[in-house]
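Please look over the model below before reading the numbered points.

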Amino acid sequence: APASLLFLLFVPSIRFMNEGYFFMKGMFIYDTHNFIIRLFTDKTLALAGVFTALAIVGSFLSFPVAGSKCAPVQHIINILAAVTLGPWYSVGIAFCASLLRNLLGLGSMMAFPGSMVGALCCGLVYSICHKLSLTCLAEALGTGILGGLAAYPVAVYIMGITPAGIFVYVVPFLISTIAGSILAFLLITALNKSGVMAMIKTTH
């Protein structure tokens with residue numbers, strides 16, 4: 001419930017970016033001609049809430065490296081959200097999961113660069129090419145390299161940690177995201193073959 005509620009508060013800005021140059025008025029989306037174009041669907045929000053909750057629960061399956069907690073399940077959720085909901089929902093889920101993990105004492109500030117950068121990268125790649133293999137690669141490189149580099153200023157200026165170097169988080173982030181990306185590829189491939197992914201995509 002907390003995950004769904006937090007995502008509900010965050011989702012207006014996500015839908016704004018997803019649809020383009022539109023503006024919010026209540027729970028409706030309008031285009032520049034003031035026509036209602038879409039109402040948030042309960043099923044979409046429910047799926048986003050479920051993904052957020054799974055990411056939080058999955059944080060128990062983590063291991064500490066250089067002041068961060070590497071959680072492969074988060075990367076599985078990033079890719080699942082990218083494939084089923086799109087890039088901005090994927091980023092929103094990563095943000096909400098990271099925030100709740102910090103509030104619950106299940107993660108550190110590293111959760112934000114360690115999840116959101118990869119979520120954006122894999123979401124954008126899938127929205128462009130719709131290829132699962134490239135999406136998983138984008139998650140791995142986005143989190144491992146870009147997220148690892150973004151973690152350095154977070155460690156220094158927010159957490160007050162003095163890492164050994166700017167690349168210190170790249171290797172642990174890569175270990176976590178490569179494991180998650182491989183598992184996500186296997187999981188989504190199996191779900192595609194069984195027809196479950198098609199069912200999920202048609203529910204929102």
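1. A residue is called buried here when its relative accessible area is under 20%, exposed when over 50%, and partly exposed in between (1.4 Å probe, protein chains only). By that count, 45% of the 204 residues of the chain are buried.

2. This is a predicted model, in which local features need pLDDT of at least 70 and side-chain atom pairs count only at pLDDT 80 or more, while totals for chains, interfaces and linings use all residues. Residues are numbered from 1 along each chain as its sequence is written, and side-chain values use heavy atoms, with hydrogens and water left out.

3. The chain has eight helices and five strands. Helices (H or I, at least four residues) and strands (E, at least two) are DSSP runs, numbered from the N terminus. Their order along the sequence is α-β-β-β-α-β-β-α-α-α-α-α-α.

4. Contact means heavy atoms within 4.5 Å. Of the contacts between residues at least 6 apart in sequence, 65% join residues at least 24 apart.

5. The chain exposes about 9800 Å², and 75% of this comes from carbon and sulfur atoms. Accessible areas come from the Shrake-Rupley method with a 1.4 Å probe; for residues, only the protein chains shown count as cover.

6. Helix α4 covers residues 87–103. How far does α4 reach from its first C-alpha to its last? The span of its 17 residues is 24 Å, close to the 24 Å expected at 1.5 Å a residue; the expected span is 1.5 Å times one less than the number of residues. Twelve of the 17 residues are buried, and α4 is thus mostly covered. Among them are P87, Y89, S90, C96 and R101. After α4 comes G105, with a positive phi near 75°.

7. N78 belongs to helix α3 (residues 72–84). Is N78 buried or exposed? N78 counts as buried because its relative accessibility is 1%. Apart from neighbours within four places in sequence, N78 contacts S90, A94, S115, G118, A119, C122 and E139. Of these, S90 and A94 are buried residues of α4.

8. L137 lies in helix α6 (residues 132–158) and is partly exposed, with a relative accessible area of 44%. α6 bends by about 35° at G147, the bend being the angle between axes fitted to the seven residues ending there and the seven starting there. Just after α6, G160 has a positive phi of about 70°.
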